[in-house]
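User: I'm new to reading protein structures and would like to go through one step by step. Could we do it as questions and answers?
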Amino acid sequence: MKRFISPCLALASVTIVCASAGASRPQYGGTLRVEVEAALRTIDPAAPSADAAEAAIRARASRLAFETLTAIDLDGLQPLLATSWETEGRGLRWRFHLRSGVRLHDGSPLEAWQVAASLRASGSSWKAAAEGDTIAIDTDTPLADLPWVLAEQRHAIVIRGSGGTLAGTGPFRIERLEGARASFRAHDAYWRARPFVDAVQIDTGRPVASQVGDLEAGRTDVVGVRPTDAPRLARRGLRIEASRPLELVALVFEPHRATDAALTWRRTFASAFDRDAMCAVLLQGYGVPARTVMPAWLSGYAPLVAVADRPVLSRSAVAALPVDDRDVTIRVDAGDALSQAIAERIAADAREAGFSVKVQTPVGLAPRPDARLVRIAFVPTTPDRAFAHASGLLVARGWPAIGPPENATLTAVHHAEQSLLDRLVVVPVVHVPELVGLGDRVGFSTVPGVRPVGGWNLPDVWLQGGKP
Amino acid sequence: MGRDERDARLKGSRSFCGASGSHFFRSQRSARLSAERLLKFAIVGFRAREWWTRFAASALILVAAVSTTLAQSRAAFVDLAPDLASKIAAELAPATPVRLSFPNDEERVRAEVARLLASRGVRVVETGDEAIVTGSCQANLRERVCGASIVSGASRRVVMITSARGASADTARESVVALEMWPVYTQRAPMLDVAVAGAGLLVLSRDSVSLVGEAAAGNLTGRVTAAQPIRTSRVWPRDTRGLLRTVASGFEAFLPGVICRGTVTPFALACADEGEPWPLGLDNGGLTPSRNTFATPEGLTFYEAAPLDAGRWLVVGERGVLTFLDAQRRVTARSESADHAIGFPDACGADGPYVVTATRGSPAGGDTLRLARAVEGRLIPLPSAVALPGVLTSLWRTSGAREATAIVHDFTAGRYEAFHITLSCAR
């Protein structure tokens with residue numbers, strides 16, 4: 001028996017060694033399965049959308065197939081389909097030099113006139129024209145940040161064929177969009193090298209809770225994850241990858257609580273919760289205590305923002321408030337589990353301090369709340385554009401206009417943010433990143449599956465069990 | 001490397017919960033740079049020949065590599081200091097004393113701003129209720145930003161300087177400095193110092209100078225081809241110190257109260273009982289045999305001297321207190337204590353001066369070499385450290401070269417090992 005066991009053990013050892021050795025080398029092939037919550041009606045990046053969630057997922061999916069002239073990563077603005085650019089007339093005229101050797105999904109070379117036509121169709125007021133291998137863009141007003149604007153996915157280069165077909169230069173080509181599933185195939189002639197996987201399949205309209213369950217059951221490979229799901233996935237040994245903090249969760253007081261007379265009350269209530277504990281315990285470390293609107297990596301000035309000193313909060317101080325001021329209602333979107341969890345944590349802390357707090361998640365009519373917990377997603381771009389976008393989201397929800405126009409100086413953006421925070425109508429709570437859960441089949445790569453500035457990086461994801 | 005990168009990445013991805021978002025940024029960068037370190041030190045390990053020494057050296061260096069994370073100062077922002085100082089000065093009344101603070105990892109920017117403010121007549125003080133200037137430097141996606149809030153009484157103003165990211169920022173990127181160390185020779189008998197002489201290696205011990213053939217080619221246990229006794233009537237101290245130096249005519253050996261001069265070809269040595277100054281760079285009257293210390297002409301007692309920039313020095317003083325001297329050898333500051341210190345004033349361009357100090361680890365363990373940068377009378381520790389395989393008995397900077405020699409007594413293995421130490425600089 002011993003003689004039998006020993007060779008078996010030896011064989012098993014060799015098998016394990018071989019398997020582990022093979023597991024460290026990326027493999028080609030397989031279909032990567034992705035689940036997302038929002039619906040996806042089209043992959044055309046220039047198509048209008050009234051639904052922010054759908055627009056966000058479309059930008060992400062369309063990045064698989066369509067590329068922009070420029071791109072944004074942690075090192076700032078980078079060349080993509082354009083290798084360089086220059087301006088004349090202080091931003092009134094721009095010239096973008098196109099990368100050579102780029103092939104469309106049908107194998108034909110990308111031509112400058114196609115790029116110009118795509119830019120004209122993306123709905124902008126500028127005039128784009130091909131000049132040899134260069135794209136010239138004329139604008140009516142100076143656009144100092146045009147290369148940053150062109151990094152937005154809505155300005156991706158899309159070749160529209162007859163019958164509504166869409167072709168691009170990205171790492172995957174669109175195979176079909178049917179019902180709740182979008183299918184992509186690897187673009188073998190991709191100029192930055194073929195992706196590892198053969199295909200990507202995106203199933204849309206999957207609730208986040210179902211996504212996590214599917215990931216645990218091995219029915220999918222890539223899902224969106226909430227910080228509160230992290231312990232559950234960690235117990236299963238599944239990986240989570242995170243972007244930089246890209247979203248602000250903030251307490252925004254309603255107009256009747258936003259008056260100057262209520263400033264002291266707002267300051268007292270804003271001091272009643274512990275951001276650090278919330279970040280460490282509730283968010284499992286996947287969150288940064290927020291004391292500014294914009295995360296530091298987007299603004300560059302966060303340490304210079306003055307934050308009001310927290311008053312010494314005691315039960316007697318809260319007890320001294322009029323009874324009506326001690327009753328606080330926080331409203332949270334009914335479908336937003338993360339905000340609900342954060343609101344409950346704020347409520348628990350505030351109750352400790354002597355407030356009486358209710359968290360309201362109405363689906364119909366409900367009593368007027370004192371504050372809402374809102375989530376504001378940031379666009380990774382210049383500070384003025386990021387702040388303008390964030391303030392636009394607030395304005396769209398009914399709060400007064402804030403913030404400087406785009407192209408403002410950094411000092412002006414800082415001043416606008418400081419003014420906003422000084423009023424204590426918007427109280428930052430935490431900054432949270434975009435989290436992606438990766439399934440068992442996804443092999444380890446030194447390049448993350450989620451980009452630091454947000455969005456997937458699926459060309460670098462590979463599947464174990466694919467072709468060696 | 002893959003596993004280290006993976007560990008570092010996993011660590012980075014879980015490092016969100018901190019005082020600011022920049023914490024995560026640093027963790028990710030640290031992970032990248034740790035991995036870069038591994039490559040560098042893997043190369044270093046192959047300079048030795050014997051497998052066990054090679055292995056030990058690699059292991060030692062791996063310790064340094066893994067611990068090398070980027071907490072180094074943000075030299076990339078120093079170029080913004082002049083404009084920032086101008087803006088700060090413009091906000092202050094003449095001769096206003098200010099308290100200036102920056103985050104710890106922006107010490108170089110703080111020092112530069114302080115220097116520039118002083119040159120504009122602004123008095124920078126450590127304590128007091130004067131104007132409080134709090135500075136910070138960070139980058140957003142478009143630009144590098146240095147700013148300061150100036151609080152004076154009830155008023156608060158913010159000034160900011162920006163510079164576009166790009167090529168200039170890349171060239172200004174902070175250097176990554178790390179200790180690099182490789183073994184050059186080992187023997188069972190005690191040795192005081194070694195020096196490369198042509199293709200051979202000179203080895204100084206208490207009673208002789210030996211010439212080891214082929215040692216310079218990396219043969220750690222090269223054969224002793226010749227030896228000359230040190231003839232002296234002196235009785236050596238129990239913890240004898242010795243220094244070897246090659247000169248145009250041959251070599252010199254400095255021992256307590258004894259100077260030996262010799263030639264390699266033919267191998268000869270002549271010693272004399274002389275209390276000459278030792279070639280430390282810092283003026284001294286030679287080693288005091290009964291105390292094992294040096295003294296400056298002003299009478300300051302020290303064990304070792306590390307050159308800094310602009311004629312300044314850091315010396316290991318009495319009871320091991322690290323003492324900063326200006327170009328006139330006046331004490332300007334005192335810092336923590338260490339057993340040994342050497343300086344690299346001109347290594348890694350303008351980012352220095354760098355200092356390597358050695359401190360005793362646990363009684364059973366070996367000593368540790370630590371890298372620091374000397375700034376304004378303080379040592380700013382850098383995360384590069386090397387755990388030695390035993391007790392450091394000697395640490396001398398090689399004259400005219402950007403390296404130093406360390407002699408380590410490995411009690412466990414029962415041998416003395418000589419190492420060469422340099423700083424590696426990368427951007």
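Predicted model: local features only at pLDDT ≥ 70, side-chain atom pairs only at ≥ 80, totals over all residues.

User: Which residue stands opposite B:Ser152 in β5(B)?

Analyst: Strands of a sheet pair through backbone hydrogen bonds, either parallel or antiparallel. Opposite B:Ser152 you find B:Ser155.

User: What is the bridge partner of B:Val98 in β3(B)?

Analyst: β1(B) pairs with β3(B) in the parallel sense, over 4 bridges. For B:Val98, the partner in β3(B) is B:Ala131.

User: And which residue in β2(B) is the bridge partner of B:Arg99?

Analyst: Strand β1 (residues 97-101) of chain B also runs parallel to β2(B), and 3 bridges join them. In β2(B), B:Arg99 has as its partner B:Val125.

User: Is the β-α-β unit made by β1(B), helix α5 and β2(B) right-handed or left-handed?

Analyst: Follow the chain from β1(B) through helix α5 (residues 107-119) of chain B to β2(B). With the strands pointing away from you, a clockwise path over the helix is the right-handed case. This β-α-β unit of chain B is right-handed.

User: Over to chain A: which residues of its helix α5 (residues 208-216) are buried?

Analyst: Elements of chain A that cover the buried residues of α5(A) include β1 (31-35), β13 (222-225), α6 (230-235) and β19 (426-438). After the helix comes A:Gly218, with a positive phi near 75 degrees. The buried residues in α5(A) are A:Val208, A:Gln211, A:Val212, A:Gly213, A:Asp214 and A:Leu215.

User: Over which residues of chain A is the pLDDT below 50?

Analyst: Chain A averages a pLDDT of 88, and 91% of the residues score at least 70. The stretch below 50 has 4 contacts in the model beyond near neighbours in sequence. It covers residues 1-23 of chain A.

User: How many residues apart are A:Phe269 and A:Phe355?

Analyst: Their rings form an edge-to-face pair, 5.0 Å centre to centre with 85 degrees between the planes. A:Phe269 counts as buried because its relative accessibility is 0%, and A:Phe355 is buried too, with a relative accessible area of 4%. A:Phe269 sits in helix α7 (residues 263-270) of chain A and A:Phe355 in the loop between α12 (337-353) and β17 (356-360), so the pair links parts of the chain that are 86 residues apart.

User: What kind of aromatic pair do B:Trp278 and B:Trp396 form?

Analyst: B:Trp278, with a relative accessible area of 3%, is buried, and B:Trp396 counts as buried at 8% relative accessibility. Both belong to a cluster linked by ring pairs, along with B:Phe254, B:Phe294 and B:Phe302. The two Trp rings are 5.9 Å apart centre to centre, with 50 degrees between the planes, and the pair is tilted.

User: Is B:Thr357 buried or exposed?

Analyst: B:Thr357 is in strand β21 (residues 354-359) of chain B. Residues it touches include B:Leu322, B:His340 and B:Leu379. Its relative accessibility is 9%, so B:Thr357 counts as buried.

User: Last one: how far apart in space are B:Ala197 and B:Gly250, C-alpha to C-alpha?

Analyst: B:Ala197 lies in strand β7 (residues 193-197) of chain B and touches B:Leu202, B:Thr246 and B:Val264, not counting residues up to four places away in sequence. B:Ala197 and B:Gly250 are 53 residues apart in sequence. In space, the distance is 8.3 Å.

Note on methods: Residues numbered from 1 in each chain as written. Chains lettered and ligands numbered in written order. Heavy atoms only, no water. Buried < 20%, exposed > 50% of the residue type's maximum accessible area, 1.4 Å probe, protein only. Helix = DSSP H or I, 4+ residues; strand = E, 2+ residues; numbered from the N terminus. Contact = heavy atoms within 4.5 Å. Pairing = 2+ DSSP bridges. pLDDT = per-residue confidence, 0-100. Phe/Tyr/Trp six-rings, centres within 6.5 Å; stacked < 30°, edge-to-face > 60°.
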